[in-house]
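Dear colleague,

I am handing over the structure below, and my notes on it follow. Please read them with the structure open beside you.

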Amino acid sequence: EFGRFLSQSSKFITIPFFARRSAETTNTIITPGTVLWEPSSTAVDTSALQPFSMAPLDDVVMGGASSSTFDNTNGKWAGSVTDANNGGFIGIRSYPNFQWDMSQCQGIEMKFRGGQGRRFKIVVRDSTDFNGICWTTSVDNIGTDPLMSLFFPNNNNNKKTDAITSVKIQFNKQIPTLFAKTVPDETFDKTNVVGVQLAYSKFEYDGGLNPTFEVGDIELEIL
């Protein structure tokens, strides 16, 4: 497990020399409607932005035993979650850090396929610190039929593997957290967006639990 911990965490640690060089560059201005990321197998051209990939960052970094994989060519994230060893989450995080000025934007829209009707966390980062503030939004019912969920919320047939969910992350409604604990008196810096992260976790905020969490296999596709 130590080898997996080292392999995962090393992708997201910024060497001080490169951090200083990044601080000297001008952030890329992002305007509303800009496509920030697509699976590499698609035809959308995002070459004007700093290229980045997504990679797993699971609870092995906290001593847990959950694991996941992410395919950047098709956007498919798949994993197995266990709460053994006080764990209980899988995640993916962008690398290397990018430098976006999103001051003209109100948020980010993401589209998913699948998700089995679970609650996920979407994190936006404005700091390159490995354990910096996580600006977090919890999103429900990923991978359900919206109309069926409205009238039959407890029907397992709503959890379609091919259901597409569109989620809008509003910057002014994000929750600043550290290790699933809320942090007061923080201000999100829209001029310095450096990373994004997704997590499927047993833990919500301040000791609360994810009401849709289940151990076992989970799949989600980012469109």
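Asn-27 is buried, because its relative accessible area is 17% (buried means under 20%, exposed over 50% and partly exposed in between, with a 1.4 Å probe and protein chains only). This is a predicted model, in which local features need pLDDT of at least 70 and side-chain atom pairs count only at pLDDT 80 or more, while totals for chains, interfaces and linings use all residues. Residues are numbered from 1 along each chain as its sequence is written, and side-chain values use heavy atoms, with hydrogens and water left out.

Asn-27 sits in the loop between helix 2 (16-23) and strand 1 (28-29); helices (H or I, at least four residues) and strands (E, at least two) are DSSP runs, numbered from the N terminus. Leaving aside residues up to four places away in sequence, Asn-27 touches Gln-99, Trp-100, Asp-101, Thr-191 and Asn-192, where contact means heavy atoms within 4.5 Å.

The structure holds nine aromatic pairs, counted when ring centres of Phe, Tyr and Trp (its six-membered ring) lie within 6.5 Å, with planes under 30 degrees apart called stacked, over 60 edge-to-face and the rest tilted. One of them joins Trp-37 and Phe-70, whose centres are 6.1 Å apart and whose planes stand at 45°, so the pair is tilted. Trp-37 lies in the loop between strand 1 and strand 2 (53-56) and Phe-70 in strand 3, so the pair ties together parts that are 33 residues apart in sequence. Phe-70 is buried, with a relative accessible area of 12%.
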